[in-house]
Each structure stands twice: as C-alpha cells, then as structure tokens.
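Please look at the sequence and the model below before reading on.

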Amino acid sequence: MATRRIAVVSAGLSNPSSTRMLADRLAAETVKALAGHDIEASVDVIELRDYAHDITNNLLTGFAPPALETAINTVVSADALIAVTPIFSTSYNGLFKSFIDVLDPDALTGKPVLIGANAGTARHSLAIDYAIRPLFAYLHAEAVSTGVFAASSDWGGSGDDVAPLAKRVEKGARELAEAIARRETVDVVDPYDPATYLGEGRSFGHMLGGLAGE
C-alpha cells in the first residue's frame, strides 16, 4: 500500500472552533477516500493560532522562529494541503493570509489543495471562489474544483437540505483523494544543500576551482 501525507492548516481563532471541526471532517473523509485508492494517509494539523506571534515576528524580521519553520516545512513537504479559514469581512482572516505571506511564493506549486471555509451565515459562501481560490491560483497550487463552506446552521438541524454538509465534505474529499492518487510523491528539496544549486556531487570547491581557472 502506498503512503501519502496530508497537511491541514486551520486558521480558527477560538478553541474549540468550527474551523477546526470542518478541517478535521475534511481530513478524515480524505483519508477514507484515499483508502479506496489503496493509499494509506497520515495527517499533520497546523493550528495557526498557536503560531500567531511567530508569524508576526517572521513578517517583521524576515526569519521564521524554529517552531514556525517546522510548521512551514510540514506544509511544504506534504503531498496535499487542506486549508480552512473563517470568513471575516467577506474574505479569509488575517492570520490565514499572514501565514500564506511567510511561505515561499513557489512553495505550493502543483500541490493539490482542498479549500474549506466557515462563517455565521451562508451569505459568505461565495468567498471561497472570489477570495480564497484566486489566492491559491496565484501560488500555482492545484485547488480541487469543490470548496467546502460551512455556515453555523450546518452544524445544527437547519442546514442545506439539498446539499448537506456531509455530502459536500465527501465530494471535496473525494476530489482531493483523486488528485493525490494521480500525483507522484513529493521530493523535498533542501534549499541550503549545495547540491540544490551547484548540481549533484558538486561542492563550493568545484565552483571556486572553476572560477580560478577562468
């Protein structure tokens, strides 16, 4: 059985939060869908509220503290990403955007992404397509066609009867699982390894030797 790893980013500010509830449901359903492709998946959850101060420091100094650097590497090296944010003022919240801002612009290129969002009312459901999806398109990530929005009513008994939350979660997770199954495993490249920019088997000595011979 093949193995894959999914990173889950939750930008909820409270604990517990409906953002995390949605993130967990999307992750669980994706793991289930991947099992149907004979793929065993592990899940790493990043609660951005735990890194809020580190993210701010990174924005101010340009350097990620160790804990944040580990979280970033977890996201970048994953085979897929589930990203869930609450909707504030018709768009993603500031914590979510700040985390995206500290990533390398090319870090998510080609990575399958399942977008989730939550808000008090269904009036904000279009934020996935007019705010969040363009953000991931700019980063050259491969967001699946179904984004999953959850309003407060979806957690009670007065949710959408035509397309209930469970069905929307299942559809989005199925699309992400299919995208993961089609994609080859991620090769993690260390940007500080000389082989990355000098070539395999070469060192600074080779570069200096070449310069000396000019």
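## Basis

The model is predicted: local features need pLDDT of at least 70, side-chain atom pairs count only at pLDDT 80 or more, and totals for chains, interfaces and linings use all residues. Residues are numbered from 1 along each chain as its sequence is written, and side-chain values use heavy atoms, with hydrogens and water left out.

## The largest nonpolar core

A nonpolar core is a set of buried Ala, Val, Leu, Ile, Met, Phe, Trp, Tyr and Cys residues joined through side-chain atoms within 4.5 Å; buried means under 20% relative accessible area (1.4 Å probe, protein chains only). The largest such core has 36 residues, of which Leu81, Phe99 and Phe136 touch the most other members. Helix H5 (127–138) is among the elements that each supply at least two residues, and H5 gives the largest share, 6 residues.

## Helix H5

Helices (H or I, at least four residues) and strands (E, at least two) are DSSP runs, numbered from the N terminus. The buried residues of H5 include Ile128, Leu135 and Phe136. After H5 comes histidine 140, with a positive phi near 65 degrees.

## Strand E3

In strand E3 (80–88), 8 of the 9 residues are buried. Two strands pair if DSSP finds at least two bridges between them. E3 runs parallel to E1, with 5 bridges, and isoleucine 6 stands opposite alanine 80. E3 also pairs with E5 in the parallel sense, over 6 bridges, and with E4 in the antiparallel sense, over 2 bridges. The hairpin of E3 and E4 has 2 residues between the strands.

Notes:
Buried < 20%, exposed > 50% of the residue type's maximum accessible area, 1.4 Å probe, protein only.
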